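Work through the exercises below with the model open. Try each task before reading its solution.

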Amino acid sequence: MYMEDFLDKQERISNQILELLQTHGGYLSKKKLTELLEISGNSLRIYLKNIETRLEKVVASGHVFLKWKQTM
C-alpha cells in the first residue's frame, strides 16, 4: 500500500502536480500538465489554487517560490 492510497483525489492530484514540477526542473506548461494528468484546464486551476493555499506560509517565509503564468 502506498501513501497516496490514503489521500483524497484533490490531495493526490495536487501532489502529482508538485512531483511533476520537481522532476521537470520546476516548469511545465499548463497544457502539458493537463495532458499528463488527464484533467481539464478548469480542474488544473482548482488544483493550482489548492497548492498555492497549502504552501502559503512556506512561500511567505521565502523558502519556496511559486509563480503561475496566467495564460491558458
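This is a predicted model: local features need pLDDT of at least 70, side-chain atom pairs count only at pLDDT 80 or more; totals for chains, interfaces and linings use all residues.

Residues are numbered from 1 along each chain as its sequence is written, and side-chain values use heavy atoms, with hydrogens and water left out.

**Exercise 1. The whole chain**

Task: State how many helices and strands the protein chain has, and what share of its residues is buried.

Solution: 
- Start with the elements. The protein chain has four helices and zero strands. Helices (H or I, at least four residues) and strands (E, at least two) are DSSP runs, numbered from the N terminus.
- Read along the sequence. The pattern is α-α-α-α.
- Turn to burial. Of the 72 residues, 25% count as buried. Buried means under 20% relative accessible area, exposed over 50%, and partly exposed in between (1.4 Å probe, protein chains only).

**Exercise 2. α1 against α3**

Task: Describe how the axes of α1 and α3 are placed, and name the residues that make the contact.

Solution: 
- Recall the convention. Two packed helices are described by the angle between their axes and the distance between the axes.
- Apply it. Helix α1 (residues 9-23) and helix α3 (residues 41-54) have axes that come within 9 Å and cross at roughly 85°. Axes are lines fitted to C-alpha atoms, for helices over the stretch in contact, and angles run from 0 to 180 degrees between N-to-C directions.
- Classify. α1 and α3 are therefore roughly perpendicular to each other. Angles under 35 degrees count as roughly parallel, over 145 as roughly antiparallel, 65 to 115 as roughly perpendicular and the rest as oblique.
- List the contact. From α1 come K9, Q10, E11, I13, S14, N15, I17 and L18; from α3 come L44, I46, Y47, L48, N50, I51 and R54. Contact means heavy atoms within 4.5 Å.

**Exercise 3. The buried face of α2**

Task: Find which residues of α2 are buried, and what covers them.

Solution: 
- Pick them out. In helix α2 (residues 30-37), the buried residues are K30, L33, T34 and L37.
- Look down the axis. The buried residues of α2 fall within an arc of 95°, so they line one face of the helix. The arc is that of the directions from the helix axis to the C-beta atoms.
- Recall the spacing. An α-helix has 3.6 residues a turn, so residues three or four places apart point the same way.
- Identify the cover. The cover of these α2 residues includes α1 and α3.
- Check the α3 side. The axes of α2 and α3 come within 10 Å and cross at roughly 100°. K30, L33 and T34 of α2 meet G41, L44 and L48 of α3.

**Exercise 4. Two single residues**

Task: Decide whether E38 is buried or exposed, and which residues L66 touches.

Solution: 
- Locate E38. E38 is in the loop between α2 and α3.
- Check its backbone. E38 has a positive phi of about 55° although it is not a glycine.
- Classify. E38 counts as exposed, at 71% relative accessibility.
- Move to L66. L66 is in the segment after α4 (56-60), and is partly exposed at 23% relative accessibility.
- List its partners. Not counting residues up to four places away in sequence, L66 touches E52, L55 and V59.
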